[in-house]
Amino acid sequence: MAGRQLTLDLALRPALAREDFLVSPANAAAVALVDQWPNWPTHGAVIVGQPGSGKSHLASVWQQRSQAKLRPAAALSATSVPEDFASGCLVVEDAGEVGLDERALFHLLNLARQEGGYVLLTSTRPVAAWPIALPDLRSRLQALPEAAILPPDDALLRGVLVKHFADRQITVSEAIISYILTRMPRSMAALRQIVQEIDTRALAEKVEITRP
């Protein structure tokens, strides 16, 4: 450990406001869906995207605008639905996975329609691929507007790289951003890991971030 500084693994607080979300053709449809609220054609909507794609960021934007509560789909239950939906809006994250309480979700969607509220669902796969057994629930879900966040393009990756460094209060040159961009895997998950490891090394070794 000689010559190295131990660093605390501090949790970061990335900006989650609408103006901080970078828009590109890869996510424009999902951004438009969130921006259209409360003028949705139904009382719910679905955002689909891979881990790290930004769907949780968009869900947080909608949560702040609508004063919604947030509930992981795995924690949704028939007994929790009335309290979860007390504000009239609810975000259900990671829906569509095995183990979902289908009757609870059906009850929630019915409650939203009856009370004039709204439900935003997020998932890693489109509704058509969800393992839903209840025909009435499947029919109700298929009626919801759905927007997918596509794999990131170079413009989005570049912008998010800059944002992630900024969230950590790190200034890097355009040359470093370009160097990383041309060599990294094309995913947001890889991007986050790269920035975290660069930050950790720079803090531990007390060095500036340069290409070497």
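**Entry 1: a loop to start with**

In which loop is Q169 found? I looked it up in this predicted model, and Q169 sits in the loop between α6 (154–167) and α7 (174–181). I checked its backbone too: phi of Q169 is positive, about 60 degrees, although the residue is not a glycine. Most residues other than glycine have a negative phi, and most peptide bonds are trans. Is Q169 buried or exposed? With a relative accessibility of 76%, Q169 counts as exposed, because the cut-off for that word is over 50%.

D94 belongs to the loop between β3 and α4. Its relative accessible area is 43%, so I noted D94 as partly exposed.

Then I turned to the peptide bonds. The one from W37 to P38 is cis, with omega near 10 degrees. I located P38 in the loop between α1 and β1.

**Entry 2: the sheet**

Strands of a sheet pair through backbone hydrogen bonds, either parallel or antiparallel. In what order do the five strands of the open sheet come? I read the order as β2-β3-β4-β1-β5, with parallel pairing. β2 (69–72) and β5 (146–148) are at the edges with a single partner strand each, so one side of each has no neighbour in the sheet. From one strand to the next, the twist averages 20 degrees.

I zoomed in on β1 and β5, which run parallel and are joined by three bridges. I47 has A147 in β5 as its bridge partner. Helix α1 lies across β1 and β5, at about 155 degrees to β1.

**Entry 3: two helices side by side**

Next I compared α1 (residues 28–36) with α2 (residues 55–66): they pack at an angle of about 10 degrees, and their axes are 10 Å apart. That makes the two roughly parallel, because the angle is under 35 degrees. From α1, the contact uses A30, V31, V34 and D35, and from α2 it uses L58, V61, W62 and R65. By type, I have six nonpolar, no polar and two charged residues in this contact.

**Entry 4: the cores**

The largest nonpolar core has 24 residues, and L108 and W130 are among those with the most contacts inside it. Which element gives this core its largest share? It is α4, with six residues. Leaving aside neighbours within four places in sequence, I listed L76, V81, F85, L90, V92 and V119 as the contacts of L108.

A second, separate core has 20 residues, including V31, W37, I47 and V61.

Note on methods:
Residues are numbered from 1 along each chain as its sequence is written. This is a predicted model: local features need pLDDT of at least 70, side-chain atom pairs count only at pLDDT 80 or more; totals for chains, interfaces and linings use all residues. Side-chain values use heavy atoms; hydrogens and water are left out. A nonpolar core is a set of buried Ala, Val, Leu, Ile, Met, Phe, Trp, Tyr and Cys residues joined through side-chain atoms within 4.5 Å. Buried means under 20% relative accessible area, exposed over 50%, partly exposed in between (1.4 Å probe, protein chains only). Helices (H or I, at least four residues) and strands (E, at least two) are DSSP runs, numbered from the N terminus. Contact means heavy atoms within 4.5 Å. Axes are lines fitted to C-alpha atoms, for helices over the stretch in contact, and angles run from 0 to 180 degrees between N-to-C directions. Angles under 35 degrees count as roughly parallel, over 145 as roughly antiparallel, 65 to 115 as roughly perpendicular and the rest as oblique. Ala, Val, Leu, Ile, Met, Phe, Trp, Tyr, Cys and Pro count as nonpolar, Asp, Glu, Lys and Arg as charged, and the others, Gly among them, as polar. Two strands pair if DSSP finds at least two bridges between them.
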